[in-house]
Amino acid sequence: MKPTDISNPDYFHRVVDCQWACPAHTDVPQYIRLIAQGRFADAYLLNRESNVFPGILGRVCDRPCEPACRRGRVDEKPVAICRLKRVAADLKGNIAARLPGIPKQKNGKRIACIGAGCASLTVANDLLPLGYEVVMFEKQREPGGLMRTNIPAFRLPAEVLGEEIRVIVDMGVELRLNESVASMRQLLSRGFDAVFVGSGAPRGKNLEIPGRYDDAAHVHIGIDWLESVAFGHINAVGRQVLIIGAGNTAMDCCRTALRIGARDVKVMARKPLTQLKASDWELEDAMEESVEIIQCHAPTEFVLEHGRVCGMRFEVLEYYQENGKQKSRKLGDRFLPADDIVLAIGQENAFPWIERDIGIEFDQWDVPVVDRKTMQSTRAGIFFGGDAAFGPENIIWAVEHGHQAAISIHKYCHGEDIGVRPPFAVNLTSTKMGIHEWSYSNSFDTSVRRLVPHVSLQERFKKINIEVELGFTDEQTRVEVERCLNCDIQTVFFASKCIECDACIDVCPTACLTITHNGEEDDLRARLKAPADNRKQPLFVSEPLKQTGRVMVKDEDQCVHCGLCAERCPTAAWDMQKSSVKIPYAGDELAGTAQPPQRRRA
Amino acid sequence: MSFMQKPRVSHSQLPRNELGLTTRDYEGSMSTLCAGCGHDSITAALIQAFWELNIEPYKVAKMSGIGCSSKTPAYFLAEAHGINAVHGRMPSIATGANAADRNLYYLGVSGDGDSLSIGFGQFAHALRRNINMLYIIENNGVYGLTKGQFSASADVGSKAKKGEVNQQPPIDPVIAALTLGGSFVARSFSGDKGQLVPLIKAGIMHNGFALLDVLSPCVTFNDHEDSTKSYAHTRQFYHPAVHADFVPQKKPIRAAYDDGESMPVELHDGSTVVLRKVSKDYNPTNRARAYSYLHEHQKRGEIVTGLLYIDEDQREMHDISNTVSAALRDLPYAELCPGSAALEEIQNLYR
């Protein structure tokens, strides 16, 4: 293999698994270190740079970072990254003075954002400090989009949501509430310099089976029903409730039902328990509240009695493998009684208000054709993001779409090629403080993952908006931060200094290192000290070593960044250096040119 | 020296041996030697060898004297027995322990000072008695623990860190062992685990005294340019004469050995050492030839390594003394101490 080019910003970025997995590339290890130091406001602001809504995401993020976390590969459970984010948000104090300033002199560009959800708000957040004017149209009476309508208050309190949205709105968004856009053509005629569509995926999927419309008052579409509950239009439900579908919306529906009168709630899943779409933690939380999850049941019919829904009939299925494909067969029928039935089987984006002859192409599924990199539609100057772009994803993806769209809009408004993206960059700084001292906590803490405390089952149902998760206690935070493996503190190797004494190889607790003759990747992977089967993780290969011409190979997979290789190296051929990925945002054209870090004078 | 202990975490797919243990289970406490010390590499090779041999750590007795090398038994096989003896007196202690329990695996770890200066007599007699043990000399040519004076193995002309040139001729433990009747004589280098690990395994399984002289650079006092025991010098003049592959008894030997370049030597327990001769004219079962070969190459400044001499038929101490096969602690008290009447009887034999 060729020597690894560590100046490529992606190399070390990939090593920081959580940051690489995060759509918005939040610098997780650094903010966890800031929390460990009690610098909550700094941790919050670092978060805010990339993910814009740390308080919200610290509660309801989909957490792609956690399954990616290296800790999960060497220990049982990953670091509770999301819960730590919430700690930073809860304890940040007043950060108003440290938010980006908004220029009084505008740049004369007006941008329309359709929908006031997380994607549009991110666009506003990125563009307002550059002098743009942003007009945001929202059909509801309050901004927030799906975060307000579809996430129940017992998971995301209105104050938290309100605070983080207000910060952006107060930057100078011209917010047009209760104003839905009825025609794109008409909007375009109003002379905006660019349009961003962040209108979400507002249409819940329906279930066209017998009896669906015979008692419409007691059969609900999940996301609409959650919205009605959120705005107080619905405040009661029957005693027995069936939720059809087992994704995260179903989890919110079942727990909401319990808070407005239901006593017996069943979540009906078509698939076996091991294949449900809901996140594990959301399933756990629902089960803690005695929601029954019933697997392998496919709905066939709404059953009515005297014109009122009284239950639902299901096919009971069994799954088996045939020729490597999963198939199902029917085992029998089953009737389950219900007073109300909520359909939570997915949602899609819908654009009845976009004329099909104005240059915005839609594909065969009636989804707009949007460039994944630039977020631009087929009509220049019209951008999409969030669930509106590619169908339902999640908040953190919507935020990233917003950032990318903001970069594109900024370039578009200045006549630049939006296909040329501002590059990432990486900065490396040694963490060496003394002979065996580093400016990070390098020892491996064997503590197991902390469990966030919940409000007791007696208390939590008393009101609909009692937040169930209490957040980590100080003591829990103190332990959990130490579980982070500091994957951003990189093992940087200088081949010219190595005397091939093997000290690093012998001391490495996770057998990451090997000095051997170079070869092709497959061959090298087979010759390493420990199995190197995880091909998602890169190999580091050094320049040839001085004494024997062999190479130092490091399998990044299970390195715990303890720094012992560097401590045991007699010639400082290894150093532990902090890598900071410079992530470009709108206006950061120079992010790619490696500039020395700016030091602030006191 | 690192302040922290080696993290308890290990690679999730670390292979396990027949006992279900990983190499991590064969470790000891964190080394307090200088970073980059060759001794730490030998420690790692020992861990690897014992793990590969599927030996339970508690069946091993680690013996050592005084010096940097003699500290190392603390860094591997935490669950093994061990005695840290007086300077140079480890062979006596090992002899006594071995006499009392011949069923443990004995491992002596010594240095060039411990074995070739203060303990040279002890070393010679342990060799001569052919005590069943692996005796490793971690050889770096200096007294590292007292700040780098020349040791008895320093080569003529080798420079100390501060510039003095050594004038005294060295004692070569390999040549000493050959002339003192050693039954297993080998040399290796801490920086070549591919050679070192099989030699350790063969030495452990050898029935008798296995001398393994391991060049182990002192990274603090003897790794500079004019040293003849540095990493760079050793690599430059490295001359592997015989490569030994250790084949455990269960595995059949597949390769053919009729080419005259490889030769299998069966060990006492049924395992085999396959010797691959790098030099065609070398014969590791001919003591006189081994001796002259070493001399020839030494004159050229070359460092001859490998399993240089082996004689598996030589009787070890217990065979010669005709002692019981059980460990003394396993003998019933009446047998172990037959009483005054029996003593009287024995004494009468000599009256």
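Analyst: Happy to. A:H561 is buried, because 24 other C-beta atoms lie within 10 Å; a residue is called buried with 20 or more other C-beta atoms within 10 Å of its own, exposed with 12 or fewer, and partly exposed in between, the C-beta atoms being placed from the backbone. This is a predicted model, in which local features need pLDDT of at least 70, side-chain atom pairs count only at pLDDT 80 or more, and totals for chains, interfaces and linings use all residues. Residues are numbered from 1 along each chain as its sequence is written, while chains are lettered from A and ligands numbered from 1 in the order in which they are written.

The loop that holds A:H561 runs between strand 22 (551-555) and helix 22 (564-567) of chain A. Here helices (H or I, at least four residues) and strands (E, at least two) are DSSP runs, numbered from the N terminus. Although A:H561 is not a glycine, its phi is positive, at about 55 degrees. For background, most residues other than glycine have a negative phi.

B:L77 is not a glycine either, and its phi is near 45 degrees, a positive value. You will find B:L77 in the loop between helix 2 (68-71) and strand 2 (81-84) of chain B. B:L77 is buried, because 28 other C-beta atoms lie within 10 Å.

Next comes the nonpolar interior. A nonpolar core is a set of buried Ala, Val, Leu, Ile, Met, Phe, Trp, Tyr and Cys residues joined through C-beta atoms within 7 Å. The largest one has 138 residues, and those with the most contacts inside it are A:I35, A:A124, A:L127, A:F196 and A:I409. Helix 17 (residues 395-413) of chain A gives the most to this core, 10 residues. Apart from it lies another core, of 70 residues, with B:L46 and B:L307 among them.

The two chains also meet: 24 residues of chain B are in contact with 29 residues of chain A. On the chain B side, helix 1 (38-52) and helix 8 (231-236) each supply at least two residues, and the largest share, 4 residues, comes from helix 1 of chain B.

B:H239, in strand 9 (residues 238-247) of chain B, is partly exposed, because 16 other C-beta atoms lie within 10 Å. Not counting residues up to four places away in sequence, B:H239 touches B:H297, B:E302, B:I303, B:V304 and B:T305.

As for confidence, chain B has a mean pLDDT of 92, with 96% of its residues at 70 or more; pLDDT is the predictor's confidence in each residue, from 0 to 100. The model scores ipTM 0.91 and pTM 0.90.

Methods: Two residues are in contact if their C-beta atoms, placed from the backbone, lie within 7 Å.
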